[in-house]
Amino acid sequence: MKYKILFFMFSLKGGGAERTVVNIINNLNKEKFEVILILGTAEGNDYINLLSNKVKVKYLNSSKLRFCIFKLRKAILQEKPDLLFSTLIENNIILICSKLLTFKKIPIVVREASNRTQSKKVTFFNKLTTSFFYNVFANKVIALSKGVKDDLITHFYVNKHKIDVIYNPVEISSIKKLSDENVEEDDLDFETNKILISVGRLAEAKDYYTLLKAFKKLTLVKENILLVIVGKGPLLKELVQFTYNLEIHQKVKFIGFKSNPYKYIKKADIFVLSSKWEGFSHVIVESMATGTPVISTNCNSGPGEIIENNKYGLLVPVGDYNAMAEKIYELLQNNDEIEYYIEKGYKRAEYFEANIIVKKYESMFLSLIK
């Protein structure tokens, strides 16, 4: 007997939470589960081409998330799923509201994708809403790291017995294959330059300003060095202007969102994450899987759990561009250390292999359905 799982996301835009949903869906055992993905909009779905062709996709064609409630209710009634799943707080609340309006007893799983209080923008109402909806209506809350679980318990008062920690699933074999593709950009000279790379949304959480200031210091002591930034977001114009202010604009390349960032990461010498906060930091594990050593800020939460006290990469304090520049410089000067972190990082990435992680989702889904 197959069980039907209905996943809801407003879109599959190019973020870590969206990519994780794709990885979960693609790796679920299709002999046990029938999957339907409901998307609020047909626009901006950067990851839609990565989705398995065995997955049924429906679009609600809504211009805003809040307009999805009644259309999603109708889809739930039509599809008659055995379980409902969503991630990101806004999607989670909409799914819960839609499910309540069906008056059906369908188990619902919500996934928390970020250490939200680190943004310093979480209001009392947001905390109250999260606590109410998760505690009263969610059958299970998935935290993608121990730090996110602690955040939910401490600041949102979510019942700890409702929370399971399941790390992000990473498709190691797929990443290895994609990383072997050729890089076609003519202005990215990987042969004569030392390449630093960062991948992520151009937003406050990623703190690219710290990375750019660290890179400025590196350009003063090291020639033939290039910084490649992969991603899109609201801070693009400000960040480009900042490179001009620092007089490093010729050495920093913003190349936008890439459906295959792995071919760029593999050719880089070091992957650098400068985030103020994370939920897990999927891209750290992905970088390790390509064989590229990682330097990351020790932000809440995720990087510290993955890297484990510099065992699998290097950690620096949040916002400390001097320490970041120093660690990058030291690593670039030490080939033995680079090889050490390439080997250690790859072994660590295997711990998050999608086939292993998704089995935890399958067990949890079955326990709720049965």
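Which residue of E12 is the bridge partner of Phe 271? The points below answer this and then widen the view.

1. Basis of the note. This is a predicted model, in which local features need pLDDT of at least 70 and side-chain atom pairs count only at pLDDT 80 or more, while totals for chains, interfaces and linings use all residues. Residues are numbered from 1 along each chain as its sequence is written, and side-chain values use heavy atoms, with hydrogens and water left out.

2. The pairing of E11 with E12. The bridge partner of Phe 271 in E12 is Val 294; helices (H or I, at least four residues) and strands (E, at least two) are DSSP runs, numbered from the N terminus. Strand E11 (residues 270-273) runs parallel to E12 and is joined to it by 3 bridges, where two strands are said to pair if DSSP finds at least two bridges between them. On its other pairing, E12 is joined by 3 bridges to strand E13 (residues 314-316), again in parallel, and there Thr 297 has Val 316 as its bridge partner.

3. The two faces of E12. In a regular strand the side chains alternate between the two faces of the sheet. In strand E12 (residues 294-297), Val 294 and Ser 296 lie on one side and Ile 295 and Thr 297 on the other, and all of them are buried, so that both faces are covered; buried means under 20% relative accessible area, exposed over 50%, and partly exposed in between, with a 1.4 Å probe and protein chains only.

4. The sheet that holds E12. An open sheet of 6 strands has the order E10-E9-E8-E11-E12-E13, with parallel pairing. Strand E10 (252-256) and E13 stand at the edges with a single partner strand each, so one side of each has no neighbour in the sheet. Neighbouring strands here are turned by 25° against each other on average, direction ignored. Within this sheet, strand E8 (residues 194-199) pairs with E11 in the parallel sense over 2 bridges, and Leu 196 stands opposite Ile 270 in E11.

5. Helix H10 between two strands. E11, helix H10 (residues 282-290) and E12 make a right-handed β-α-β unit, right-handed meaning that, with the strands pointing away from the viewer, the path from the first strand over the helix to the second runs clockwise. Because 9 of the 9 residues of H10 are buried, this helix is largely enclosed by the rest of the structure; among the buried residues are His 282, Glu 286 and Met 288. H10 is followed by Gly 291, whose phi is positive, near 90°.

6. H10 against H13. The axes of H10 and H13 are 7 Å apart and the helices pack at an angle of about 120°, axes being lines fitted to C-alpha atoms, for helices over the stretch in contact, with angles running from 0 to 180 degrees between N-to-C directions. The two helices are therefore oblique to each other; angles under 35 degrees count as roughly parallel, over 145 as roughly antiparallel, 65 to 115 as roughly perpendicular and the rest as oblique. Val 285, Met 288 and Ala 289 of H10 make the contact with Gly 345, Tyr 346, Arg 348 and Ala 349 of H13, contact meaning heavy atoms within 4.5 Å.

7. Lys 347. This residue lies in helix H13 (residues 335-350) and is exposed, with a relative accessible area of 52%. Lys 347 and Met 288 are 59 residues apart in sequence, and their C-alpha atoms are 8.3 Å apart in space.

8. H7 and H12. Helix H7 (residues 208-221) packs with helix H12 (residues 321-332) at an angle of about 50°, their axes 8 Å apart, and the two are therefore oblique to each other, with a right-handed crossing. H7 lies across E8, strand E9 (225-230), E10 and E11, running at about 165° to E9, while H12 lies across E8, E9, E11, E12 and E13, running at about 170° to E11.

9. The other sheet. An open sheet of 7 strands has the order E3-E2-E1-E4-E5-E6-E7, also with parallel pairing. Strand E1 (residues 3-9) and strand E2 (residues 33-39) pair over 7 bridges, and Leu 6 has Ile 36 in E2 as its bridge partner.

Conventions
Left-handed = near helix turned anticlockwise from the far one by under 90°.
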